[in-house]
Amino acid sequence: MTVQAKPVYRRLNVLKFELTKLRHRPDVLLSLLFLIVFSFLVIVPLLQILKGSLTYQQSDLRMVRGSVQGQLTAYHYLRVFTGRLAQSLFFKPFWHSLIVGFGVTFLAMTLGSLFAWVIVRTDIPFKPLFSVLMVTPYMMPSWVIALAWLTVFKNERIAGAQGMFTAMTGVSAPDWLSYGVVPIIICLGLHYYAYSFLLVSGALWTVNSELEEAAAIAGLNKRKILRKITFPIVIPALGSAFVLTFTRSMGTFGTPALLGLPVRFFTIPTQIYASINTRNNGDGYVLALVLVALAGVAIYINSRVIGKRRSFVTMQGKGFTSKPTRLGVWRYGIVSLMFLFIFIAIVLPVVILAWSTLMRIPGDYSLSNLTLHYWIGKSNFLMASGEEGIFRNPGIWSGAWNSIRLGVFAAVINGVLGLLIGYTVVRNRGSKLANSLEVMSFAPYVFPGIAMGAIYLGMFAKPFGPIPALYGTFALLVLIVVVKNMPFSSRSGISAMLQIDPSLEESARLQGASWLKRFRKIIFPLAATGFISGMLLTFITAMRELSLVILLVTPATRVLTTIIFAYQDQDQIQHANGVTLILLFIIIIANILVSRFYGTKSLFGLRNT
Amino acid sequence: MLVFFREALLSNIVLKGISKSFSGSPAVRSLNLEIEESQFVTLLGPSGCGKTTTLRLIAGLEDPDAGEIFIGGKLIFSREKGVFIPPEKRQLGLIFQSYALWPHMTVYKNISLGLEEQKLPKEEIERRVTTVLEKVQLTPYRDRYPSELSGGQQQRVAIARMIASEPDIFLMDEPLSNLDAMLRVDMRAELKRLHYELGATTVYVTHDQVEALTLSDKIAVMMDGELRQFGSPREIYHYPTDLFVARFVGSPRINTIPGALARQEGKLLFRSAFFEKALQRTFDFEGRDVIATIRPEDIAFSTTPQSGWLEMQVYSVLPAGSETIITVRKDDLPLTIKAPGFADVEMNDHIWIDFDIARMNFYHPQTENLIPAA
Ligand SMILES: Nc1ncnc2c1ncn2[C@@H]1O[C@H](COP(=O)(O)OP(=O)(O)O)[C@@H](O)[C@H]1O
Ligand SMILES: [Mg+2]
């Protein structure tokens, strides 16, 4: 009946078929487009770092006789790893980073797991309150505590006023207490414990007591239950918490900069900053590669050790029925300790920052020294080098506006892209497209923010391919923040999509709904909760981003964080702390707005980080 | 315009050589099936045999690796010819096993969404939703959300959603499997009535052979992705084309008796280890081993000796009110007998049985295919 078509025509027909199919799946097309653009934005920087580390840079020309810019060389590697300066360029910062990394991870995991256990598994009162308060420090920039620390423990090492500690006791704070490794570990630990807290409590919620009771009935004793049932479920969460905390604290910039630089205590990120600031870009690139490699190794180990088990545990509050452990007489002691912790980690830093902005002369703690000048004062050259009060300061207003814009743009773009990626990955599970999307969108995770900033600075200073020179534009800030946030937004997109049964969309499809319509009427409403909390988190992350943008801002595009850093650098403590409070204020307002509209869940958008 | 077009459209379904594999393992193997306009056709088979996949292939939710699909004489899928009509244009209604109601929409919205897609005027939508809600007796529930309904009500919303958009073809994937037993029986009657009233071509997936027998015009029995038999319930029940179909359809399970066809004194006989029986039909299979089948209700029994009947000992008795299932044994051969009402037999009684020889079928012992009468 049918005449077999010639092979050529048949192949053409199959192609026509595939194209017809594609026409009804815009998500595949959009994802392909995204993949191409995004690979460009991720792979090119990596190649640029590699290339930069392997060639002579302009600044090297005067150092190395006969060198030609762009010529291939191992010069930077030799300089960083074996040269005369290797100790101060690499080994010391690396050692410091390791100490900070392990110290913070240890402190954060101990605190986080303890709190998680206490809140999930014991009979303490105020559980809901605690579970909200415990994640609050995570919403603040990690260096807020560092700023407060400096305000208290600053000593005469740096010019300017002494800290509260000295003012009150008359004793000069010792260096080890004021700067360097001890305060860095403490300040970061008080911030990053939130990861362990969220992940471990998520895992603990899922170990419902039925499992444990079943085990008890089967004759396992308490210790065996812990080892055979509880531990295996909590281990992946601990593994993820370890990797997350360790890589983040190794790569973080703000706190080591504030607390380390005054005493020339360098970690790798601050050394990268110093190298690039002194135009030794090549060295900075080599160091950046070290961080990239470390992050890669950590992720690899995590996926190996934890294997196929989901490394990012989600908190599914499925009927918490566990019989809480009775704390007995300890109950009140432990509750008091938790309140004390919250006081130290949240309330105290904010109070200290607020107080310090009200002091005419830093270090004078008498009531007569209080002033609102730093908030509302006109320019006065006797105070704050003539900086206007925060509320009248056009630079700060425009910084706040820029920060909010940056946060909103990033939240919307990341949210939409994350949802699209989630959709494509989940609907095409196992396909090449899905796998490459998943890997590629996670890739920026390995970039230290400061190094990524440096690369984008170089890449977009002049027109790059079809892209015009973006340096100095606000768009560049949005771009880099969006790229850096993709790992998180694609993950939350994927987990949101996994919750939606495909048949819900398919039945709409059979009812004649086009892709766009299905997305709008079915997918989006069902994914909305996760979408909104993901956006809120992106907003917060973008608002408090420092290392990523610090090299890219120009006076016109300054954001609150870089303004804070600049004030701090110029020892204008009141302004630095005041602007930090404004930043916190905006973040809190955003949180309240979102939870007003979408119930109290918004805070728990943090759970999948 | 649209209405005219749709009425002109026939809605028979033709599958030609349809194959589908999932990462190398075949789920449907070169399936040929013709479903006529307005027929109620059931895909029947054990779980995992490819029924759902077949249904999804018809709907367009999966793409065959090879083969062609026609609806109403129109080619809607052919990879080789570069033809693909997407599901949203195929004018089909599908009821998923999970119902797939949209949890964020009320019953009303669930039903009206598809109608809005058809760009119907507001009053028409209102009218149609009201009509179908009445039809499925859910009028008081129009503003409820799916989570506020019972399983049976959700099921009826799914039906209402499907019939509201008046598709040419209904596809249903085990729609009754999530209901409790009583409700399931009631819903069978509802579905049959629905098909009678609307006359839409229906493809119905189930693993429940009673459902298939009670509902269908035709049954397609599938196994391992292959179509084993396609015929009316009567054909499927009385003349299964192979032993798999014979065993899968009917409850209790059909009896199988190994033996041989032999001619003796001019008469054709079925001869087993302990009895022989003259046949009225002739087969081109004389002198060879066969496997005979007989349905439990085609075995008569008596508690008193009858001449020419076989004596057997009762192994167990299972009275179920309307019928009694008696199993008997002789040597290694178990037989199941179905008797109406309560039968007066006890365990270990001796009874005498006889086979309705016209109902006995014979199968090839190796290929397990039906041996047709000559
Ligand atoms: N999306 C899929 N991915 C991989 N395998 C599938 C998929 N859908 C079905 N299968 C496989 O195809 C076979 C037939 O499945 P299905 O059509 O669902 O069977 P049935 O509905 O008859 O129970 C099964 O072995 C099943 O595991
Ligand atoms: Mg199925």
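Is Cys187(A) buried or exposed in the structure? In this predicted model, Cys187(A) is buried, its relative accessible area being 0%. In general terms, a disulfide is a covalent bond between the sulfur atoms of two cysteines. A search extending over all chains returned 0 disulfides.

The overall architecture of chain A was examined next. Chain A contains 25 helices and 0 strands. Of its 609 residues, 56% count as buried. When contacts in chain A between residues at least 6 apart in sequence are considered, 74% of them join residues that are at least 24 apart.

In chain B, an open sheet was identified. The sheet comprises 6 strands in the order S7-S8-S9-S3-S10-S11, and its pairing is mixed. Strand S7 (92-95) and strand S11 (226-231) of chain B form the edges, each pairing on one side only. From one strand to the next, the twist averages 15 degrees. Helix H5 of chain B, spanning residues 151-164, packs on this sheet, where it touches S7 and strand S8 (169-173). The direction of helix H5 makes about 175 degrees with that of S7(B).

Within a sheet, strands pair through backbone hydrogen bonds, in either a parallel or an antiparallel manner. The parallel sense applies to strand S3 (residues 40-44) and strand S10 (residues 218-223) of chain B, which pair over 4 bridges. One residue of this pairing can be named: Leu44(B) has Val221(B) as its bridge partner in S10(B).

A pair of aromatic rings is described by the distance of the centres and the angle of the planes. Over all chains, the structure holds 38 aromatic pairs. One of these is the stacked pair of Phe34(A) and Phe38(A), with 4.9 Å from centre to centre and 15 degrees between the planes. Phe34(A) and Phe38(A) are separated by about one helical turn because they lie 4 residues apart in helix H2 (residues 26-54) of chain A. Phe34(A) has a relative accessible area of 10% and is therefore buried, the limit for that class being under 20%. Phe38(A) also counts as buried, at 4% relative accessibility.

An edge-to-face arrangement is found for Tyr273(A) and Phe565(A), whose centres are 6.4 Å apart and whose planes make 90 degrees. Tyr273(A) belongs to helix H14 (residues 268-277) of chain A and Phe565(A) to helix H24 (residues 560-569) of chain A, so the pair ties together parts that are 292 residues apart in sequence. Tyr273(A) counts as buried at 15% relative accessibility, and Phe565(A) does so at 11%.

In chain B, one aromatic cluster is formed by Phe270(B), Phe274(B), Phe275(B), Phe283(B), Phe355(B) and Phe362(B).

Charged side chains placed over aromatic rings were also identified. In chain A, Arg544(A) lies over the face of Tyr138(A), at 4.8 Å from the ring centre. In chain B, Arg329(B) lies over the face of Tyr315(B), at 4.3 Å from the centre of that ring.

Methods
Residues numbered from 1 in each chain as written. Chains lettered and ligands numbered in written order. Predicted model: local features only at pLDDT ≥ 70, side-chain atom pairs only at ≥ 80, totals over all residues. Heavy atoms only, no water. Pairing = 2+ DSSP bridges. Helix = DSSP H or I, 4+ residues; strand = E, 2+ residues; numbered from the N terminus. Axes fitted to C-alpha atoms, helices over the stretch in contact; angles between N-to-C directions. Contact = heavy atoms within 4.5 Å. Phe/Tyr/Trp six-rings, centres within 6.5 Å; stacked < 30°, edge-to-face > 60°. Buried < 20%, exposed > 50% of the residue type's maximum accessible area, 1.4 Å probe, protein only. Lys NZ or Arg CZ within 6 Å of the ring centre and 35° of its normal. Disulfide = S-S within 2.5 Å.
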